[in-house]
Amino acid sequence: MNEIGTLYVVATPIGNLGDITQRALTTLQQVDAIAAEDTRHSVGLLRHFGISKPLLAVHEHNEQQSAQGLVKRLLAGESIALITDAGTPAVSDPGAVVVQVVRQAGLKVVPIPGVSAIITALSAAGITQPGFYFEGFLPASGSQRRKRLQLLKAIPSTLVFYEAPHRIVECVQDLHDVLGGARQLTLARELTKTFETIHTCLLTDAVDWLNADTNQQRGEFVVLVHPDLQEKPDGLDEETLRILQRLLQELPLKQAVALATDITGQKKNELYEAALALKAASPD
């Protein structure tokens, strides 16, 4: 009886082929077959390193079916490497369903770590605040994208997105409109490739920068929205603070707080503390 095989999740370069690890090469040379997001793309990578193995197509439209086929091959004793077009599989790329199904079948999954566009971008962005939230690709629809950004707005950490070149300008415009122009943005484009660009600016300036040179709209993007460092009283959203601030411009503090309580439904003591902070920060 054959031993049960192993699924290896193998990270491959995101551009510069020199970034592949020795362990990744050894694994690709030793497995029985390679499951790839785009077999046509993977042929070039494997040919460059002199690797010839049967290729199995695993893309987002056939993941469930492919996963079942891979389980059968693993149970028959084959070892299989899972790769994506670039970077680490199953992270905003096909592969997550495959890994899930293989693990649920009680089979072994071994990660072979390597390049990740997320970490590559973060390492060069110079963001000193700890923590980040990786969203992946935002919805393609503008209304759905803005709706999603509203939900992400309250997250205090760096927000990390992937974006395609044909949507980058409208995506950045929506980031500005929903998150405000005062937050910093880092656009990391074509990482590890010839025309790599890592540019940081305020969100209010980002669309103009992209439009000033259409070459900067080409290639795959990692988009990093830096944390919002503007101090705000805890527990109150921006709309509540806007209402409170407007009332404070027209009314004495106690009246403003009482009216804001009625309008927003927020706790009076929280609004009172916020009003004191807003008054203290006022230049008047």
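This is a predicted model: local features need pLDDT of at least 70, side-chain atom pairs count only at pLDDT 80 or more; totals for chains, interfaces and linings use all residues.

Visitor: Which residues make the contact between α3 and α4?

Guide: From α3 you get Glu63, Gln64, Ala67, Gln68, Leu70, Val71 and Leu74, and from α4 there are Ala96, Val97, Val98, Val101 and Val102. By type, that contact divides into nine nonpolar, two polar and one charged.

Visitor: What about Val99, what makes it buried?

Guide: Buried means under 20% relative accessible area. Val99 has 16%, so it is buried. Val99 is found in helix α4, and beyond its neighbours within four places in sequence it is in contact with Leu7, Val9, Leu82 and Val109. Take Leu82: it sits 17 residues away from Val99 in sequence, with 9.0 Å between their C-alpha atoms.

Visitor: Why does Thr12 count as buried?

Guide: The cut-off is 20%, and Thr12 has 1% relative accessibility, so it counts as buried. Thr12 lies in the loop between β1 (6–10) and α1 (22–30). Leaving out residues up to four places away, Thr12 touches Leu45, Ile83, Thr84, Asp85, Ala86, Gly87 and Val115.

Visitor: And Arg167, buried or exposed?

Guide: Arg167 comes in at 16% relative accessibility, so it counts as buried. Its place is in the loop between β7 and α7. Not counting residues up to four places away in sequence, Arg167 touches Phe137, Ala140 and Arg145.

Visitor: Why is Ser92 called partly exposed?

Guide: That label covers the range between the buried limit of 20% and the exposed limit of 50%. Ser92 has 33% relative accessibility, so partly exposed is the label it gets. You'll find Ser92 in the loop between β4 (80–83) and α4. Its phi is near 55°, a positive value in a residue other than glycine.

Visitor: Which residue has a positive phi of about 70° although it is not a glycine?

Guide: That's Thr192, in the loop between β8 and β9 (197–202).

Visitor: Now the cores. What makes up the largest nonpolar core?

Guide: It has 21 residues, and those with the most contacts inside it are Phe161, Val172, Leu175, Leu185, Leu187, Val223 and Val225. The elements giving two or more residues are α6 (142–152), β7 (158–163), α7 (168–179), β8 (184–189), α8 (203–212) and β10 (221–225). The largest share, six residues, comes from α7. As for Leu185, its contacts beyond four places in sequence include Val172, Leu175, Cys201, Leu203, Ala206, Val223 and Val225.

Visitor: How many residues does the second core have?

Guide: That separate core has 18 residues, including Leu7, Val9, Val98 and Val101. As background, nonpolar side chains tend to be buried together in soluble globular proteins.

Methods. Residues are numbered from 1 along each chain as its sequence is written. Side-chain values use heavy atoms; hydrogens and water are left out. Contact means heavy atoms within 4.5 Å. Helices (H or I, at least four residues) and strands (E, at least two) are DSSP runs, numbered from the N terminus. Ala, Val, Leu, Ile, Met, Phe, Trp, Tyr, Cys and Pro count as nonpolar, Asp, Glu, Lys and Arg as charged, and the others, Gly among them, as polar. A nonpolar core is a set of buried Ala, Val, Leu, Ile, Met, Phe, Trp, Tyr and Cys residues joined through side-chain atoms within 4.5 Å. Buried means under 20% relative accessible area, exposed over 50%, partly exposed in between (1.4 Å probe, protein chains only).
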